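Open the model in your viewer and keep the selection panel at hand. The stops below go from one chain to the next and then to the contact between them.

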Amino acid sequence: MTTTPTATAHRTTAVAARATELSKVYGQGETQVVALDRVTVDFRQGEFTAIMGPSGSGKSTLMHCVAGLDSFSSGSVRIGETELGTLKDKQLTQLRRDKIGFIFQAFNLLPTLTAAENITLPMDIAGRKPDQEWLKTVIDMVGLSDRLSHRPAQLSGGQQQRVAVARALASRPEIMFGDEPTGNLDSRSGAEVLGFLRNSVRELGQTVVMVTHDPSAASYADRVIFLADGRIVDEMLSPTADGVLDRMKEFDSKGRTS
Amino acid sequence: MLRTALRNVLAHKARLLMTVLAVMLGVAFVSGTLVFTDTLSNAYSNQSAKSYKDVAVAVTTYPDLENGKKDQGIDARTLKKIQGLDGVASATGRVSGFAGVADPDGKLIGNGWSNTGANFEPGANGEDPAYDFTDGSGPAKAGEIALDRATADKGEYRTGDPVRVATNGPVKEYTLSGVFTTEDGQVNAGGSLVLFDTPVAQKLYLTPGHFKDVTIAADSGTSEQKLLDAVKPLLPKEAEAQTGKELADDQAKMIEEGLSALNQVLLAFAAIALFVGVFLISNTFTMLVAQRTRELALMRAVGASRRQVKRSVLLEAMLVGAIASVVGFVLGLGLATGLRSAMSMFGAKMPAGPLIVSPTAIAAAFAVGVLVTMLAAWLPARRAAKIPPVAAMSSVHAAPTTKSLVVRNSIGGFITLLGAAGILAGAAAGKDGRMLIGAGAFFALIGIIVLIPLLSRPVIALVRPLISKLFGVSGTLAGQNAVRNPRRTGATASALAIGLTLVTGLSVLGVTMGRAVDKMTTDNIKADYMFTMAGGGSLDTSALTALEKVPGVSALSPQTAADFELKGEWAAASGVTPGDVERLINVTPVAGSLDSLAEGAIAVDDKTAKSRGFKVGDSLPVEWADGKKGKLTVGATYKGNEFLSPVLIDQKAVVEHQAKPYIREIWVKTDGGASEANEKALVDALGQNPAISVMDQQDIRNQFGGMINTMLNIMYGLLGMALLIAVLGVINTLAMSVFERQQEIGMLRAIGLDRRRVKTMIRLEAVVISLFGAVIGVGLGTFLGWAIGQTVRDQVPGYALVLPWDRIGVFLLLAAVVGVLAAMWPARSAAKLNMLDAIKAE
């Protein structure tokens, strides 16, 4: 082993997104709330990262800031080579459109569009022609070939989330963000969706960052980052559901005693 | 329940604002109309009471000047007798008639209908009590006149200036002896008044030594009635006497009747505005109820009954209606004041007076405002009551009611068919079909409104590919969003559809009629000029002789009202110049020859000949105006038209029996056609008489066409109200859509739709909905215009339906603008949506 004994096992691979000294503060004076407190973190290409932490820990805020959905107070965020802090809304929108894929907990799809139209929506917005071969690969992977002309209301929750995964993948983004993507699903559908996310990393070389509070969901990731009170407090590589759960309990009891 | 309702009103201020605005506009219109007409009626009554203040008894006669009977009116002897009666303070003889004053440019001051001349009759003190001189004094000799203040100001005349005055004879120049003010109603309404020395006025308007009217003032202590009884026996039998009070009352009543027509027209527009408003209000409450589904379900869960829920919604509507009524009423007062100044700006001077706010106006405003709002909220309230208590527990966002539209569509289809059948039947029935069309139109409109949700999908589907192509994703999404909730789209489009149905219908009719009049003029008039007297009076015979002498006049004919009975029945006959008349106006003989006119025969138009059974060669008994009897032969029949009387006779024959024939118009054809030089020669020959108007063919066309245009413009102005409410409706719908689709818009923003395109999306949705309403309205309006046109086509020769494409284009463009304007605020708020709030589940 020639690597230094740190958690950064894939040091040689490029970084897809990086937050440096990232802080996010709400309000002023006495009512000030620090949501993120000088967080520094790298999300490497081809890695599936899960962000965990109790509610109010800042895990969603971290993801929103890194994904260009929310502004931050200080520090810097980079997606690939692009520094987000200096971008105007318009440029940010374009960045999200062209380089980032999103999967939300709910309301991922436009009810008026068919599954196929929903999948190509980001490219339609950009006015680009989708790469048909890639599109086919993605659709086959999530197993939606026979549901393409259905509207969201005609699909089950799991199927809807699979459409969302396909949409996020379709434009071949530099990085994909998921905000509790399985939060509204039963465990079987959830496992399916998480499987697709892991496959997209393993087989298609995508980069995925997912916020979750479910230890078994986190176990699909290559790496788990734990947040508490706006800070990164721990990290776990090749996590298992039990390992994550134990770690969470630890924080919980610490939090209670402190 | 009241507390809940009140809280809800306060909690949804912004949303209810739209409803308040809609109700407010309607109420403002209603109360403005009522207050305006009340105020006007009061001012006019005060005015007439004032002008008859000093009149205890008024005597009037109706002299028949045309047949030259002597000794008409009240002679000086009778006046003397009246003056000598007990209790008479003064008795003043009056004569009056037309007198037009020329301004320094030779143009008539005033509009011709209210240019009066009268006599100045000083009492013992040298003053005429009816007139207050502010400058100079009354006319004392033949060459002098006095003018009312406003007319003198308009002509910039000062005492001592020469003033040209036209009466029914040639123009004459007089010296201005003084300027006066008066309480005379006509003068206060903007008319002009010229005062002559009494002998001059008598000669002009009656016969020397005679008066047309006598106004009598009573000594204090003598009752009007007693005086009336004393005066009556002294009067000739054709004279009428009334007390001053009766006169004032009569006049007030006449004004009231005149105003009630105006009242009805304005109220009709208020009704349209309110009708359109109902959709907006109903829409708002539907949305409020949908938005509060869980809240209402919670109320049901904790024990509120259906009735209570329904009542709470209705109570909310009542509160909103009441608030809107108060604001609307205040706005209506402003509107009434504004209307008055607007009308005086257009030259209709109105007597001044305080704003009259009657209890009826207040009650009507509130009844209308509150009832309309509650009526509109009734369906949404029912829907609210049907929300099951479990809805409180469900966590899903309440889906819009996707209840089947089958029942609604069947009913709508039936009503529409019924209406369309009525319209078609009415159109087929010709001029008797108007009632049928009216009823049909009403049903068709209602039916279409019921059907509008059904129509929205196919109609909007037509434009969706186009906007997708033009605007990309924004266009595609906007097109889909526009048909997402057909009920809401329908209700929104209805407001515009109703307004545009009326506007288009009127435009089609107006433009068609205008074109028909144009065609009629072009087809039938060959003359270069037509001369008429201002105010519809008779031209003097001197005008006829003067025009005849103008070099270059190649044909000339008057149309003189000939007064005789043919075969025991009065005939609307005109004296014309034989030989010339057919060169001036299109007279196509059907049988016989028009040359026979010169030999003393008459010509009859085909319709009259048919209805009275006259044939060429018939010899008909005639009784002339002077009582002489004889025979007239029918020499020809001709195809009648709008510009010719149904019976024609040689002008000479008319003059023989009528001393002062009534010359309605003179037609002239000149060598070289209408030209500036020819017109000048003719006008000069008439002594540049300001009271005679000259019209060439274009002027004649404009006279009718202009009237139609003015009417259309007024209608457009009033229907603009409906448009305004439609804008509010579109804003309302869009705001609601944006609110409902927060998450969706947030998601779109997150995956890369920029703000500009979010705005475009909302704007396009508004434009699509607006245009949809407009297309429905324009279509229905055109159909209606056609149908009504069918009922009048028999009466309008040369009728041909004209579709005013330019105007229709403007309407559609306007609808698109309405969409863009209405989308301004909702689009901005959609673009500003915080993505994170939007995408957070619940």
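Helices here are DSSP runs of H or I with at least four residues, strands are runs of E with at least two, and both are numbered from the N terminus.

This is a predicted model, in which local features need pLDDT of at least 70 and side-chain atom pairs count only at pLDDT 80 or more, while totals for chains, interfaces and linings use all residues. Residues are numbered from 1 along each chain as its sequence is written, and chains are lettered from A and ligands numbered from 1 in the order in which they are written.

**Chain B**

Of its 842 residues, 48% are buried (20 or more other C-beta atoms within 10 Å of the residue's own, with C-beta atoms placed from the backbone).

Next select H14(B), residues 486–524, and H20(B), residues 697–740. Their axes, lines fitted to C-alpha atoms over the stretch in contact, come within 9 Å and cross at roughly 175 degrees. H14(B) is therefore roughly antiparallel to H20(B), a label for angles over 145 degrees.

**Chain A**

Move to E1(A), residues 15–26, and E2(A), residues 33–44. These strands run antiparallel and are joined by eight bridges; strands pair if DSSP finds at least two bridges between them. Six residues lie between them in the hairpin, where A:Gly27 has a positive phi near 70 degrees.

E1(A) is also joined to E4(A), residues 74–79, by five bridges, again antiparallel.

**Between the chains**

Finally, select the contact: 23 residues of chain A meet 18 residues of chain B, counting C-beta atoms, placed from the backbone, that lie within 7 Å. On the chain A side, H2(A) (89–99) and H3(A) (115–126) are the elements that give two or more residues. H2(A) gives the largest share, six residues.

Notes: Two residues are in contact if their C-beta atoms, placed from the backbone, lie within 7 Å. Axes are lines fitted to C-alpha atoms, for helices over the stretch in contact, and angles run from 0 to 180 degrees between N-to-C directions. Angles under 35 degrees count as roughly parallel, over 145 as roughly antiparallel, 65 to 115 as roughly perpendicular and the rest as oblique. A residue is buried if 20 or more other C-beta atoms lie within 10 Å of its own, exposed if 12 or fewer, and partly exposed in between; C-beta atoms are placed from the backbone.
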